[in-house]
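Have a go at each before you read on.

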Amino acid sequence: MFQSVPYNILLLGSGGREHAFARSLSASPRCKHLFIAPGNAGTAAHGSNVSISPTDFPAIRDLVLREDIQLVVIGPEDPLVQGVVDYFREDSELRHIPVIGPTRSGARLEGSKEFSKGFMQRHGIPTAAYKSFGKGEVKEALDFLSTLSPPYVIKADGLAAGKGVLIPDTLQVAEEGVREMLESGRFGQAGDRVVIEEFLPGIELSVFVLTDGRNYIILPEAKDYKRIGEGDTGPNTGGMGAVSPVPFADSDFMHKVEECIVKPTVIGLDQEEIPYRGFIFIGLMNVNGDPFVIEYNCRMGDPETEVVLPLLEAVAEQRLDRMELDVDPRTATTVMMVSGGYPGNYDKGFGIRKLDQAGDAIVFHAGTTMQDGSVVTNGGRVLALTGFGVGIAEALEQSYAAAKAIDFDYAYYRRDIGRDLMSVNHSTE
Ligand SMILES: Nc1ncnc2c1ncn2[C@@H]1O[C@H](COP(=O)(O)OP(=O)(O)OP(=O)(O)O)[C@@H](O)[C@H]1O
Ligand SMILES: [Mg+2]
């Protein structure tokens, strides 16, 4: 039973998502003290940063026992795919502590593209037609490529930090991509197996589900902007911005998502006896009004974290079906400020100026650290500037006002976040 007295919480990770989590977790009356491993300059305002890697399980164990941690929230995918939840379950001193996140077997939904495609096929979940191949099957892979039409979609099976997917427009480049993965190890072990699938034409969105393994709640959906360049040009990044909710995700569309994707996913995990207590982040393509799954992620995105914390306890005790979701009716937009050169090579350590002039926007730190008492850049994605408003345009005003005020050398951000949705938005206002 969850105690009602406040307790210590541990949050793993160091990005913008974790800052959003830290802000919500530390605001809860149930949180006595928050520890963040390793955290960043932003999370330090909400608890104690502890410089431990999220995948250093023995060090996490020591911290959990030393600080009497009673709830653990996992931010990024790596510790989940490497089995942090299994580590807790297999340890007699840790197994009673609730951990929000799936076991290693559940994390395969993200950790293996091949596993997730097979899972979708077994449970009749709509997704692009595909085949998968291993190192010794280069000829078969190229034969399959030649049966498809461009653009070609080639995915490294394992985790590749959001960079393991190639979408070439020509067969020649596609063949080179397959060879680079299977023969030259372009993405290391992650590319020892590849998934080749049909291209799905449409507009993307992300749906977030919280499940306790039996029940689920659907959180506000969002649309993110992956490409570095305006107009969705250039290489993929970890995400340059997001908008929530998404105008075209109307009740008809979301009904299809729930019936055709969310329910069969949760039921499928239960049928395959895969224990799953945590977030399922579903990457969808809206193809002429029908949802298709592009991918699963076994962790949460942001900025929905502010509505998430009250739900976390329910998951641990499988009583999610008794929780009500209280969603802010406004629109939220996030604009990411990144280091010059990202997602290629970039320098770190630049001082961030005018952080106190963000106006009404919330500044989530993504890649920052403290140096000689001041906040400096410490990653490709540096700050996420979240604005709220009635409608996308109003929320963006807050995000962009902050982006114009805050500054660091060689900073870059896309100036067209949400623009593609605004024409959709105007028709509804
Ligand atoms: N079948 C497809 N048809 C069209 N576009 C696709 C397809 N599969 C992937 N994409 C595009 O490639 C992007 C990355 O693919 P995917 O989400 O599977 O990879 P990922 O590396 O796991 O990304 P993430 O970092 O979001 O977890 C998608 O956001 C989408 O824009
Ligand atoms: Mg993914």
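Buried means under 20% relative accessible area, exposed over 50%, and partly exposed in between (1.4 Å probe, protein chains only). Helices (H or I, at least four residues) and strands (E, at least two) are DSSP runs, numbered from the N terminus. This is a predicted model: local features need pLDDT of at least 70, side-chain atom pairs count only at pLDDT 80 or more, and totals for chains, interfaces and linings use all residues. Residues are numbered from 1 along each chain as its sequence is written, and side-chain values use heavy atoms, with hydrogens and water left out.

**Exercise 1.** Work out which residues of α6 are buried.

Solution. Go along the helix and pick out Lys 113, Phe 115, Ser 116, Lys 117, Gly 118, Phe 119 and Met 120. That makes seven of the ten residues in 113–122, so α6 is largely enclosed by the rest of the structure. Next, look at the cover: it includes α5, β6, β7, β9, α9 and β17, counting heavy atoms within 4.5 Å as contact. Past the helix comes Gly 124, with a positive phi near 65 degrees.

**Exercise 2.** Find out whether Arg 17 is buried or exposed.

Solution. Start in helix α1 (residues 16–27), where Arg 17 sits. Its relative accessible area is 15%, so Arg 17 is buried. Then check its neighbours: among those it touches are Pro 76, Glu 77, Met 300 and Asp 302. Finally, a polar atom of its side chain lies 3.4 Å from the backbone oxygen of Gly 75.

**Exercise 3.** Describe the handedness of the crossing of α7 and α8.

Solution. The crossing is right-handed (the near helix is turned clockwise from the far one by less than a right angle).

Technical notes
Chains lettered and ligands numbered in written order. Polar contact = N/O pair within 3.5 Å; in protein donor to acceptor, adjacent residues only side chain to side chain. Lists of a residue's contacts leave out its neighbours within four places in sequence.
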